[in-house]
Amino acid sequence: MAIAGAYSVRTPAVPDWLNKGDNAWQLTAATFVGLQSMPGLVILYASIVKKKWAVNSAFMALYAFAAVLICWVLVGYRMAFGDQLLPFWGKGAPSLGQKFLINRAKVPESTHVHDDGTVETPMVEPFYPMASLVYFQFTFAAITLILLAGSVLGRMNIKAWMAFVPLWLIFSYTVGAFSLWGGGFLYHWGVIDYSGGYVIHLSSGIAGFTAAYWVGPRLKSDRERFPPNNVLLMLAGAGMLWMGWSGFNGGAPYAANIDASIAVLNTNICAATSLLVWTSLDVVFFGKVFSRKPAVIGAVQGMMTGLVCITPGAGLVQSWAAIVMGMLSGSIPWVSMMVLHKKSALLQKVDDTLGVFHTHAVAGLLGGLLTGLFAEPALCGLILPVGDSRGAFYGGNGGMQFLKQLVAAMFVTAWNIVSTTIILLAIRVFIPLRMPEEQLIIGDDAVHGEEAYALWGDGEKYDPTKHGWNTSVYGEETAPSPYINGARGVTINL
């Protein structure tokens, strides 16, 4: 059989172990996940908040994306995926040298052994360089911090946020990642977290809720009325998030294989189902209040919970199960947000700006537990390190699998509550966690000296003495626009 031209000649840049297809897919998947954050969540956050917080919300996401990358290559990656230091933590070291980055990728300390010490599943060694894996895993770490930010938008001191990001990455995220993915105790125990239902979504939801408690609430006026300032841009950001999730779950097998295809299909099925169920519940239960008009924001929330719920088992459940998971992710988080939230004193007390607790913690926990029920044995056998893994509905050790999922959720929840609390209390000694009242009243202009929408030329702010209705270019008085709350237009010099 003739060798394809692309592989017939070996060069230093194309070693024997390199599979160009796998490498191309992994870099593409990483880029998809990166686009979910930058610009996806940057646009979504800037648009879904009140106008006066658009710049601040976007900047919090933008800063986190950049800061996480630097911390990740300096020490974070190898704390999450390096040689074992503790059963839940890896040894930190830089991921910057060429000798490390150009070698074949591997996930250290991930060789799974039987109770008698014999190897059950060897170390994972994808067919591409470490550089691809380091970047792919960075995008997961970055989006976790950005999702967490959704809980504290509209009042967290930006300087406190700048200190919080690297500390939380190092002392919280890397622990969950190593424990479940990098060869830690939960990984070897056989807990299933296909692509971050626990590592990313449960942790960001719990940590976000904890941070919202310690930072304190927004102004009363902001809590009572917080309309999105641009619904269409909000949908654009949400669309990037949805489409980027194909890289999120499709890249998790570390190869362009069958499991990646199953994961991408299931991801989209569950998201679509969840969106439809959430929207239907909005219409049915709030029809009299809203004249049965489906809410766009509700549809985005339903989309989000579907994407989160399928993540722990995207490549491990059958597509009919993805529909069931979508139905549950469109209804159970809806109940927690729309019904239980209003009846719980604790949930009412904590000001979780975008409801990250419901859309990520509740949906992530739900997805992890449902994976413990629906994980299909043949699909599990394609990539999981522990042999004969299966959901409870498939008999055998499936009941034990569900228990493992529950215990892992408890560990992730407890670690994030404790670590987030300690980090914020330490920061509070040096930097106030909440903005001063004068900044809370004004918003972006007071915090950054910038505003999201400058409708007068060259970023010039509206000055009624210069641009007022009584200064017509024709020297005539003209009546003010009745649309005093809308855009006033652009000054044109004739």
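How many cavities of 30 Å³ or more are there? The count comes to two. Keep in mind as we go that this is a predicted model.

**First stop: the largest cavity.** Select L41, L44, Y45, I48, L147, V300, Q301, M304, L354, V356, T359 and H360, and you have its lining. Colour α2 if you want the element with the largest share, four residues. The space inside has a volume of about 130 Å³. Colouring by class shows nine nonpolar residues, three polar ones and no charged ones around it.

**Next: the second largest cavity.** Now select S172, Y173, G176, Y198, V199, S203, F411, V412, W415 and N416.

**Then: helix α11.** Show residues 258-285 as a cartoon. With 28 residues at 1.5 Å a residue, α11 should span 40 Å, and its end C-alpha atoms are 41 Å apart, which agrees. Zoom in on the start of α11, where a side-chain oxygen of N257 comes within 3.2 Å of the backbone nitrogen of D259.

**Last stop: the cysteines.** The structure holds zero disulfides. Select C270 and C309: the sulfur of C309 is the nearest cysteine sulfur to C270, at 5.1 Å. C270 counts as buried because its relative accessibility is 0%. Finish on C380, also buried, with a relative accessible area of 1%.

How values were computed
Residues are numbered from 1 along each chain as its sequence is written. This is a predicted model: local features need pLDDT of at least 70, side-chain atom pairs count only at pLDDT 80 or more; totals for chains, interfaces and linings use all residues. Side-chain values use heavy atoms; hydrogens and water are left out. A disulfide is a pair of cysteine sulfur atoms within 2.5 Å. Buried means under 20% relative accessible area, exposed over 50%, partly exposed in between (1.4 Å probe, protein chains only). Helices (H or I, at least four residues) and strands (E, at least two) are DSSP runs, numbered from the N terminus. The expected span of a helix is 1.5 Å times one less than its number of residues. A polar contact is a pair of N or O atoms within 3.5 Å; within protein, one must be able to donate a hydrogen and the other to accept it, and residues adjacent in sequence count only if both atoms are side-chain atoms. On a 1 Å grid over the protein atoms alone, a cavity is a set of points where a 1.4 Å probe fits but cannot get out, and a pocket is an open set with protein on both sides within 12 Å along at least five of seven lines; lining residues have an atom within 4 Å of a point. Grid points are joined across faces, edges and corners, and a volume is the space filled by probe spheres set on the points. Ala, Val, Leu, Ile, Met, Phe, Trp, Tyr, Cys and Pro count as nonpolar, Asp, Glu, Lys and Arg as charged, and the others, Gly among them, as polar.
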